Amino acid sequence: MSLTKVSYSMITGAPVNALDFGADPTGVSDSAPAIQAAMTYAWLNRLELYVPAGNYLINSYQNTFDGKNIALYINNGFAGPGFYQPFIMRGAGRWATKFIVSNSVGIDVVLGVICNGESGAVSDIGISCNQFAGVYACFQNGGAGPNTADRLWSGGADVGFYQKGGAVEYNDCVSEFANGYGYFLLNVFSTVLDKCSSLTSLTAGLGITADTSGAQDPYQALAGIFVSNCTFNQSNSIAGVGAIFNVNQFTDSNISIVNTMFGNNGFSSGGGGQPNNQYGFIVQKCSNISFTNCQFPLNRYGNIIADARNIIFTNCVFSATGWLLDTSTGTTGECADLSISTSNASFPTNVTVVGCQFIDSSGYAIKAASYNSISLIGNTFNNCANGGLNTSGERRNLTDPTIGDSYVYLIPSATTSTFKFVSNHVINSAAFVAGRFGIKINAATAVPAAGNVKISGTTLDGALGSSYSYSTATALQANAWLIFNDALATSTPQNFPAVADANAPNSTLYYSTTASKLVWKDSTGAVNNLY
């Protein structure tokens, strides 16, 4: 029997092999033209493309699309319905099959797969770029799909994984050493990231945004983005952020994040053991985002919500935020597990935090300045506002009034703002007691309207220091401050709010500045001295 076919694809219907088209696995010659030819052949013939183990030099580009020079490219969305073909490409493993980009010819995107009419799937390939060679993205995906990216690795470009529009599933992908974003999602819908990670991205591990042009496609509301079991850690860069959500338009975001970590994965060697992420996440001009069972550890300045609405945290853990208190930045109020504010009336900031833990934050557990509605229900605040390390590695206690010294520090900016603190538990150890507040409501800028501030069912215990009780800088309007069934610790002396009788709500226990006594104001408004 004689051979009639001599190639790496010896069986009819077998995957197309890139070596048959002249790809060089030794990395000596430019393999981009050969791999492109194999990709086009496999796509047109509805066959799978296999790229065996090896290092493939990529040093030319085959197409230009959307203003970018793309080395390897498939686009089935603009050639007419007859060219809506599925595309499948796989390597031998992301550490075995690697595209090595020299980029002496101006490559912007190494591998681009745009599949609008059929699905596209790429798996088990690594893409390595010289970190300073100017490559914009290792991998670009998009189109209506649904498309998949499985077990890919990217390193060294400005963006590891770039998606403009469309529906894509990223499964078990890794981005490292991105000069910008590990994953950058623009105008996407029905997109999933599962078991993905981004390490050492200089801007952020994950960026989700939409363009701001006047003519918006319907899907640019970013409907249906799901992130699960992912890690966004910047272990070597103090400039990095875990994730940035900035839709920047008045549409719904609809983003769900589950079992994901936004934080530092270890201490650097300098700066007194400082965390490396600047922030775990930054939310700006977004709506309808939920975080469930997520962790936010060791972020230098905490996490920020600004100009955002309908944000909910459930069963999350915030820990060791602001461990390094930078003398020029960290002491201005940004050292907070959760910093909440709004400056845009179109984005009323509504935040709900349920069943979460705030542990060992150096600054605030929660700092809110100008908001619409905050509800904190069933959370634990343990050893928060306990000070941190300065740039010399020395511990600093928070005693400056501009810092706050509080577990929850609130500055209502409008009389319509509402704040609920219900069934929470605030504790502190004896080692960190100076100037601590269990809760501080600072109404110096605006007194809350009647009934808008509610504190109920909360326990304060442990060695909380001399200033742990509820406090306010100005008188509260009648019925603005409601305290129900709070169980104060019996092991230490208790402080009660000092309020004039005329300003105290009914059915409250307080120290009367009118009578200079501890009093009970009953439901009818009658003030009863307790001694």
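This is a short chat about a predicted model.

Colleague: New to this one. Which residues have the most contacts inside the largest nonpolar core?
Modeller: Met89, Phe245, Phe291 and Phe313. That core has 91 residues.

Colleague: Which helix gives the largest share of this core?
Modeller: Helix α1, residues 32-44. It supplies 7 residues.

Colleague: And what does methionine 89 touch?
Modeller: Leaving out residues up to four places away in sequence, its partners include Ile35, Met39, Leu49, Phe99 and Leu111. Ala121, Val122, Ser123 and Ile125 are also among them.

Colleague: What does the second, separate core include?
Modeller: Val159, Tyr279, Ile282 and Ile304 are among its 18 residues.

Colleague: Switching to rings. How many aromatic pairs does the structure hold?
Modeller: There are 27. One of them joins phenylalanine 161 and tyrosine 183, and that pair is stacked. The centres are 4.9 Å apart, with 10 degrees between the planes.

Colleague: Where do phenylalanine 161 and tyrosine 183 sit in the chain?
Modeller: Phenylalanine 161 is in strand β14, residues 159-164. Tyrosine 183 is in strand β17, residues 181-186. They are 22 residues apart, so the pair links distant parts of the chain.

Colleague: Is phenylalanine 161 buried or exposed?
Modeller: Buried, because its relative accessibility is 1%. Tyrosine 183 counts as buried too, at 0%.

Colleague: Which ring does the charged end of lysine 68 sit over?
Modeller: The ring of tyrosine 136, 5.0 Å from its centre. Lysine 98 lies over the face of tryptophan 153, at 5.2 Å from the ring centre.

Colleague: Now asparagine 69. Where is it?
Modeller: In strand β5, residues 68-75. Asparagine 69 is buried because its relative accessible area is 18%, and the cut-off for buried is under 20%.

Colleague: What does its side chain reach?
Modeller: The backbone oxygen of glycine 106, at 3.1 Å. Beyond four places in sequence, asparagine 69 also contacts residues including Tyr61, Asn63, Ile107 and Val109.

Colleague: Where is glycine 263?
Modeller: In the loop between β25 (261-262) and β26 (279-284). Glycine 263 counts as buried, at 0% relative accessibility. From glycine 263 to asparagine 233 is 30 residues in sequence, but 5.1 Å in space, C-alpha to C-alpha.

Colleague: Last topic, the open sheet of 4 strands. What is the order?
Modeller: β48-β49-β50-β51, with mixed pairing. The edge strands are β48 (498-499) and β51 (527-529), each pairing on one side only.

Colleague: How many bridges pair β49 and β50?
Modeller: They pair over 5 bridges, in the antiparallel sense. Strand β49 covers residues 508-512, and strand β50 covers 517-521. Tyrosine 510 has valine 519, in β50, as its bridge partner.

Methods: Residues numbered from 1 in each chain as written. Predicted model: local features only at pLDDT ≥ 70, side-chain atom pairs only at ≥ 80, totals over all residues. Heavy atoms only, no water. Pairing = 2+ DSSP bridges. Helix = DSSP H or I, 4+ residues; strand = E, 2+ residues; numbered from the N terminus. Buried < 20%, exposed > 50% of the residue type's maximum accessible area, 1.4 Å probe, protein only. Polar contact = N/O pair within 3.5 Å; in protein donor to acceptor, adjacent residues only side chain to side chain. Contact = heavy atoms within 4.5 Å. Core = buried A, V, L, I, M, F, W, Y, C linked by side-chain atoms within 4.5 Å. Phe/Tyr/Trp six-rings, centres within 6.5 Å; stacked < 30°, edge-to-face > 60°. Lys NZ or Arg CZ within 6 Å of the ring centre and 35° of its normal.
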